[in-house]
Amino acid sequence: MKMKRLAAMALAGTLAAAPAMAELVIPDLSYRTGPYAAGGTPFSDGYQDYFNMLNARDGGIGGESIRIIECETGYNTEKGVECYESTKGEGALIYQPLSTGITYQLIPKATADGIPLHTMGYGRTSAANGEVFNWVFNYPANYWDAASVMINYLLEENGGDLSGKNIALIYHNSAYGKEPIRTLENLSEMHGFELSQLAVDHPGQEQKSQWLQIRRERPDYVLMWGWGVMNQVAVQEAANIGFPMENFIGNWWAGAEHDVTPAGAAADGYKSLNMNRIDANLPVFDDIRSLVHEAGNAAGDGSHVGSVLYTRGMYAAMLAAEAIAKAQEIHGVSNITAAQLRDGMEALEITEARMEELGMPQVGPAFSVSCENHGGSGLGIVQQWNAADGQWVALTDYIAPDDSVIDPLVAEDSAAFAAENGIEPGCL
């Protein structure tokens, strides 16, 4: 029997048996422990604080209160799956795994259970094809977008010509770290640069041999797909060998404050992508401080407000909340189901005007979602670390990826997934 038919049957049974819930249940698969806690903690704080702010200020969403269930995964795939299994029966509406490994394991489970996944800027990149991955969304951008944005930025910096350049990719040796490789290989052939690849094993504390190789080969640029302790070690190792920081660019999971501050002044000039802007003075933060932190309901100690990953967690929560409101509008009910939320996510439109209304003007790009496109606009900015001021400075406006490269890769990979899993592509 086809996977889609199985999912529909499972969903119908779930909806028939589930009692009406007087709340909107949002699990938070967090990781506040282990080598990736420095990234997981501020994201989770921002994610939860935004929902708690909506409860305090607006009474929830559409008159329904929000209940957050936090479950610690330690960035461990097996624990992530256990968290999913232990919370889905609570009436969970949406999952944000914050892990590519966990995402890969949850795609078939969530599809069968009829619960949407939002893997914002991570996970399986070809899930951007909503006709195959009906229950998975990775807007506003994905890994292959990020790789292309990096190259487009370097093209701009080099007068449109990268021929003869040597670009090294240092990456976390996992499903996450390997995601951009094929895209960069295709871009290497297109633009004539040489691509070298250096894998770093989990958790990323041992990198001396990779940076000795970089010192020997002296690439023009180093791109990094890192996470957790790997990032700060890489920045320090780059400084140790005297690699020019302005030619070292991380992706948007390798561009937070804790990635650069341990290296002190030596990190000055390091660059990274960001899928959203950061501004510690966003009006929404005032509401969070007064209604959540001062009320004693903060998810953390309050020290991360305005930081890169706190802002991204808040941004992810905002996108979920807006999709919930859209689902309520579409179906004419406030107490929506997970299936109804999926419809809201697929009809989501984020405008400049709406972000202004929400107290977070220009925090992210304007984009819309459709059945065919679960990936959003694919835009990203380049930011640079100013060590003296202790802050990230945006160097660019949003840069678009090369869709002529990305779209065929998404189509090919999603078609292979559909064939392997007996999926008949189409809209729900």
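Is the crossing of α5 and α7 left-handed or right-handed? The crossing of these two helices is right-handed; by convention, a crossing is right-handed if the near helix is turned clockwise from the far one by less than a right angle, and left-handed if anticlockwise.

Before I continue, a word on the basis of this presentation. This is a predicted model, in which local features need pLDDT of at least 70 and side-chain atom pairs count only at pLDDT 80 or more, while totals for chains, interfaces and linings use all residues. Residues are numbered from 1 along each chain as its sequence is written, and side-chain values use heavy atoms, with hydrogens and water left out.

I return to the helix pair. Helix α5 covers residues 143–157 and helix α7 residues 181–191; helices are DSSP runs of H or I with at least four residues, strands are runs of E with at least two, and both are numbered from the N terminus. The two axes come within 9 Å and cross at roughly 30 degrees. Axes here are lines fitted to C-alpha atoms over the stretch in contact, with angles from 0 to 180 degrees between N-to-C directions. The helices are therefore roughly parallel to each other, a term for angles under 35 degrees. From α5, the contact involves Trp 144, Ala 147, Ser 148, Ile 151 and Leu 155; from α7, Thr 183, Leu 184, Leu 187 and His 191. Contact means heavy atoms within 4.5 Å.

I now turn to salt bridges, of which the structure holds 19. The criterion is a side-chain nitrogen of Lys or Arg within 4 Å of a carboxyl oxygen of Asp or Glu.

One of them joins Arg 124 and Asp 413, at 3.1 Å from N to O. The partners are 289 residues apart: Arg 124 is in the loop between β3 (117–118) and β4 (136–137), and Asp 413 is in helix α15 (residues 403–421). Arg 124 counts as buried at 14% relative accessibility, whereas Asp 413, at 22%, counts as partly exposed. Buried means under 20% relative accessible area, exposed over 50%, and partly exposed in between, with a 1.4 Å probe and protein chains only.

Another salt bridge is found between Asp 286 and Arg 289, with the closest N and O atoms 3.8 Å apart. Both residues lie in helix α11 (residues 283–293), three residues apart, about one turn of the helix. Asp 286 is partly exposed at 47%, and Arg 289 is partly exposed at 30%.

Notes: Parallel < 35°, antiparallel > 145°, perpendicular 65-115°, else oblique.
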